[in-house]
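Good morning, and thank you for making time for this presentation. Please have the structure open while I speak.

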Amino acid sequence: MTQLTPILSKFWDAEQSWSLATYEQHDGYRAMDKAFAMEPAAVISAVKDSALRGRGGAGFPTGMKWSFMSPPDGDARYLVVNADESEPGTCKDIPLMMANPHVLLEGVAISSYAIGCKKAFIYLRGEVVHVYRRLLRAVEEAYAAGHLGENIHGTGIDVDIVVHAGAGAYICGEETALLDSLEGRRGQPRSKPPFPGAAGLYARPTSVNNVESIASVPGIILEGVDWFKGMGTEKSAGFGIFSLSGHVKNPGQYEAPLGITLRELLDMAGGMRDPNKKLKFWTPGGSSTPLFTAEHLDVPLDFESVGAAGSMLGTRALQIFDETVCVVRAVDRWIEFYKHESCGKCTPCREGTWWLAQILHRLEHGQGTEADLDKLLDISDNILGRSFCALGDGATSPVTSSIQHFRDEYLAHLEHGGCPFDPQAAVLWATDKESVSA
Amino acid sequence: MTTTPTQATDLVTLTIDGIEVSVPKGSLIIRAAEEAGIEIPRFCDHPSLDPVGACRQCLVEVWMPGPPGPDGTPSEARQMQGPPGRMKPQASCTMTVAPGMVVKTQVTSEAIDKAQQGVMELLLINHPLDCPVCDKGGECPLQNQAMSAGRETSRFEDSKRTYPKPVNISSQVLLDRERCVLCARCTRFSDQVAGDPFIALVERGALQQVGIYEEQPFESYFSGNTVQICPVGALTGAAYRFRSRPFDLVSTPSVCEHCASGCAQRTDHRRGTILRRMAQNDPEVNGEWNCDKGRWAFAYSSVGDRFEFPMVRENGELRVASWPEALRVAAAGLGHANASGVLVGGRVSAEDAYAYAKFARQVLGTNDIDFRARPHSAEEADFLAASVVGTGPQGGAVTYTDLGSASTVLLLGFEPEDESPIVFLRLRKAFRKNKTRVYAVSPVASRGLAKMGGQLIASAPGTEAEVIAAIKAGRGSKRVEEAAAALAEGGVILVGERLATVPGALSAAAALAEHTGARLAWVPRRAGERGALEAGAFPTLLPGGRLVTDASARAEVALAWDLAGLPDTPGRDCAGIVAALRSGELDGVVIGGVDPFDLGIGDADAVLGGAFVVSLEQRPSAATAYADVILPVATVAEKSGTFVDWEGRPRSFEAALTTTYVSDYRALDMLADEMGHFLGCRTQREVADEMTSLGAGTGPRPTAPNVPPAEPRQVADGHLVLATWRHLLDQGSMQDGEPFLAGTAPRATARVSATTAQTLGLADGDEVRVDLVTGACVVALVTISEMADHVIWLPTNSAGSDLRVALATEGGDHVFVTKDGDA
Ligand SMILES: Cc1cc2nc3c(=O)[nH]c(=O)nc-3n(C[C@H](O)[C@H](O)[C@H](O)COP(=O)(O)O)c2cc1C
Ligand code: SF4
Ligand code: SF4
Ligand code: SF4
Ligand code: FES
């Protein structure tokens, strides 16, 4: 049985876990001294050797990303922390920044030092004003204590942090759209090449990393590469925060080694919300990753195994749906999200999500024919891999995987002339006895 | 100019649909495919705009050569995939070629054919079925490519996105949002090419749309190009919208008559009416662009006031006459005059100008002829004779291409965006793509200068000669020194016609060019000036740049014209002719396309009232009131001819419309005939042949003038020095009849430096009263951060700031400025 590994979440239950004092009681800002005593290249090597892979979804090795940046030329280089967290179901960076902002700040300082950045940015999702305040306060505290700013800890190393709140757009989590937004433009993805490592923020070499990736760096430095690699699997080393939501007894963040299974996590989380209801489907990594079903309860949640099983680890956003949920309805809601969040730049995603949404909406209400299912699949085929960025690709995941696993349920809508499910049965306050009738 | 031939090493060889092509390194796949004769469908791609890869219509399959093996040869090409196992199509408009790359387009890849059909289908789901009523129908890339790359039937059964239509994004450009395919061509054009990012894509998803900024209207001189490059009928021109279908139009290649940029255009007409004009691609001149004036200012010929028949004055009133009668009256009048001159404006074709030049010498026996119906000087005449006439691209003169590759360009008395818009576009491109440094000796840093990344060398009107001399000496402000150093490394000096008003400035400019080795070019404003100079419609020059004072040159021309001799004293220039008319020394004048107000004559009565006036006119002007005979002549659309652009490049055009109007040369030929002379200017061909056979003179070129700068005039208290030029869009009579165009003309403002405003106790937005010798005007004040102090800038001919016509002033005058209502 895999055990939880509370590292970033170790003292989330402490009194004022977010304060500098609490952080310092837990070895806070000590990794920094160790890192600053190393050569920057050695810090990069350590992160490379740890095999830390980006926690923002794509899983690109973090140390490798840093070493791919254009070599220093004396001018500015930037670290940009992606704290936009907007993928449906993903709820890890925001609680982390809420409960333990300083581990991110220490990670930023160390990572900045490693890549030669003197001014780092944290790009935060616009809606989470409470997190914004908390980050600002933490940055203020860290400056006051000499953990940030000029000549940190007397080492002569300078790192400034700017916390920037976006305006609330899913696309601004895509790294190049994020950079445009940070520069004050409308967030739409940029053409690559040039990659941010060559020309990112203000056309300077830039590394964009997820909050959790950067927050993992202090531990790697302080505890060592072997400690980190001792967790997880060979190709998916270390730990990660799994956010469980939906029909689960105790939803929340579970920090565990990569490779843990949903069966294990569900156990830790107290099982299904209603033990009498069966697990129907779930997302391994947010709504952009193809759905899994009860068949997949034992798939190790690491990059390779989830991929081999036909989905993606993504952001480890485990949304759990029991048998009361209509998959057509769920997919319809997700597609509505993608349609709303599509930035509009490219044809397949802009027009495709608009079309998918209309068809799904019809099907949910029992209007259409079986041919519409093939149409949905073909439209998805015309979007996947043809759109400009991964948002469009992701939009097709719930559609194609739900038809793959639940074709009959779609057809039942057509036969039934509407949704055969009682939507009230899926809600939190539903009981078996009473079902609310309209 | 030496051009480096493309080296074999700069070429990249790849295979597209089995065809091997070699293209310059860095080329986009879509361009390489064109080289191979394969057309990949596209919407957002445009060769003159930076790629965006937005529409995804141009997808292709790409195989990249693998890394080289131990023996150095690259391994098997591998298909680009993603997600693994699935071919990942690439946008051919954003991906550059690589050696050994293998590309499969819709021609050889079924998956690509499907991908393209998929994108096309998606583009069409929200596109309305407007084709039967859409301006673009019949010449629409969406229509055409839907036929070539789309399905025959639609699978879309749901609801289309709709919008209330249309939106006015300016008075002349309308947007039907539901037709827009969101390719961002219009926005990229405005931002990148024109530098006027006043439209932008706004909103998200399928609701994304082209938006305007309420506080900054889409007032760009180049906005019409967006209508032309929009790949659908989403952008339409207000004047043309719903007027015609492309297949009902007859197109005639034409050349713009509005400035010396020399744009190639196409005039589209139907049953004798011009419906629109489009920019025609001429890579060496205007590229694919023109300006809104060239595109939309053609209605002046059909506002209903054309002279259709000759007229003669009888008992003080003009009445219609037959051609024979009018010619008889004109011939008699000129015959009785003791001495006559010729005022020919800078708007006629080279052939017309030649006929005026010949008429003056042969029929009137005078060199009193000048095309410069604008401020000018004798120094300018010498400058033109020494440095300009007879030069051209063939002879190695400065060209557009040279501007694009110049390291430094110095502008003297020249505001390209207002005075020669395509020169502006070329300089902006040079700045963006070639890092060309632009410096301007001017009183005020304009927006146009900022868009060229230009630096101002501030100079109050009248001080230009000293400033130019300082650049030559390499001494002065830091910027002067920089400009001097930069020019010394080779560069181009562009001189505008306004420099003629400053004594010594043209001399200084020529000396600067001589000293630095920088190349010099003169950019007049009007389309006909350069051609008229070459044709000898000039007091000191005969055709081909031959000096009036050069006996052998005169003999050459006399021989060609079959005359015993030619008048040998240099003639009066425009101002001289006006003065002589005023004094009565001249009592006859032939006027062709000149508005007396252009001459800065406030009292036309005193000048023209006493003389016998023959006026060749298209429409009434201020000369009409003094004309004894009016001979109606053709507009540019009604005749064939040639303009010579600022480069010295001939730009020939055909008559678009068939009418009974004659070009000026023909009218002059008939008049000459009536006066007993054979002018030999009956057809354009006849004139052009004679011009060609006469060719350029071979006599020695005079040396450049050496006029010393004038002593600066003291500026009295409360007075400012007036600086002025014309906005491209203003009250010019050739913009008449086009209210939509006029709607985007810049509003008149008075510009002063912040310091000057402070001294006078004025602030931004104040209405100020500018008192001139002859009157006053009241305009809103704008303070400019970079501007010479004690100077006020006003537009020459805009509504509310009518300097030449109403006030008869010119740059350099001293004016008194107060806040309106004070005083
Ligand atoms: C539509 C879209 C939204 C994304 N949102 C986020 C996000 O909120 N946070 C994040 O870290 N990465 C997000 N990403 C992934 C980023 O583009 C990028 O891969 C990541 O920030 C890199 O960090 P990492 O290497 O540390 O994972 C998103 C990608 C897409 C296509
Ligand atoms: S796939 Fe295209 S439309 Fe969708 S978010 Fe990305 S760039 Fe925008
Ligand atoms: S208006 Fe025309 S040019 Fe502009 S984005 Fe739409 S389709 Fe493209
Ligand atoms: S730039 Fe000059 S020549 Fe070209 S269209 Fe405009 S006015 Fe005509
Ligand atoms: S033409 Fe290539 S993406 Fe539009």
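Let me begin with a term: a residue is near a molecule if one of its heavy atoms lies within 4 Å of it. Please also bear in mind that this is a predicted model.

With that term in hand, I turn to ligand 2. Which residues come nearest to ligand 2? Of the 13 residues around it, these are Ile171(A), Cys343(A), Cys346(A), Cys349(A) and Cys389(A). By class, the shell of ligand 2 comprises eight nonpolar residues, four polar ones and one charged residue.

Among the residues around ligand 4 are Cys256(B), Cys259(B), Cys263(B) and Cys291(B). The shell around ligand 4 splits into six nonpolar and six polar residues, with no charged residues.

I now come to helix packing. Two packed helices are described by the angle between their axes and the distance between the axes.

On the α15(A) side, the contact includes Val327(A), Val331(A), Trp334(A), Ile335(A) and Tyr338(A). Their counterparts in α18(A) include Leu391(A), Ala395(A), Val399(A), Phe406(A) and Tyr410(A). In this contact of α15(A) with α18(A), 12 residues are nonpolar, three are polar and two are charged.

The next pair is also in chain A. Helix α6, residues 101-115, and helix α7, residues 129-144, have axes that come within 10 Å and cross at roughly 60°. The helices α6(A) and α7(A) are therefore oblique to each other. Their crossing is right-handed. From α6(A), the contact draws on Pro101(A), His102(A), Leu104(A) and Leu105(A). From α7(A), it draws on Arg134(A), Leu135(A), Ala138(A), Val139(A), Glu141(A) and Ala142(A). The contact of α6(A) with α7(A) has seven nonpolar residues, one polar and two charged.

The last pair joins the two chains. Helix α16 of chain A, residues 347-364, packs against helix α2 of chain B, residues 110-125, at an angle of about 60° and with 9 Å between the axes. Accordingly, α16(A) and α2(B) are oblique to each other, and their crossing is left-handed. Chain A contributes Thr347(A), Pro348(A), Arg350(A), Glu351(A), Gly352(A), Trp354(A) and Trp355(A). Chain B supplies Val119(B), Glu121(B), Leu122(B), Leu123(B) and Ile125(B). Seven nonpolar, two polar and three charged residues make up the contact of α16(A) with α2(B).

Some backbone details deserve attention. Where is the cis peptide bond of chain A that involves Pro194(A)? It joins Pro193(A) to Pro194(A), with omega about 0°, and Pro194(A) sits in the loop between α8 and α9 of chain A. In chain B, a cis peptide bond links Lys165(B) and Pro166(B), with omega about -25°. Pro166(B) is in the loop between α3 and β7 of chain B. Arg316(A) is not a glycine, yet it has a positive phi of about 55°. Arg316(A) belongs to the loop between α14 and β10 of chain A.

Chain B is divided into domain 1 (8-122), domain 2 (128-302), domain 3 (325-374 + 530-694), domain 4 (397-525) and domain 5 (719-819). Between the C-alpha centres of domain 1 and domain 3 of chain B, the distance is 59 Å.

Terms used:
Residues are numbered from 1 along each chain as its sequence is written. Chains are lettered from A and ligands numbered from 1 in the order in which they are written. This is a predicted model: local features need pLDDT of at least 70, side-chain atom pairs count only at pLDDT 80 or more; totals for chains, interfaces and linings use all residues. Side-chain values use heavy atoms; hydrogens and water are left out. Ala, Val, Leu, Ile, Met, Phe, Trp, Tyr, Cys and Pro count as nonpolar, Asp, Glu, Lys and Arg as charged, and the others, Gly among them, as polar. Contact means heavy atoms within 4.5 Å. Helices (H or I, at least four residues) and strands (E, at least two) are DSSP runs, numbered from the N terminus. Domain bounds come from an automatic or database domain assignment. Axes are lines fitted to C-alpha atoms, for helices over the stretch in contact, and angles run from 0 to 180 degrees between N-to-C directions. Angles under 35 degrees count as roughly parallel, over 145 as roughly antiparallel, 65 to 115 as roughly perpendicular and the rest as oblique. A crossing is left-handed if the near helix is turned anticlockwise from the far one by less than a right angle, and right-handed if clockwise.
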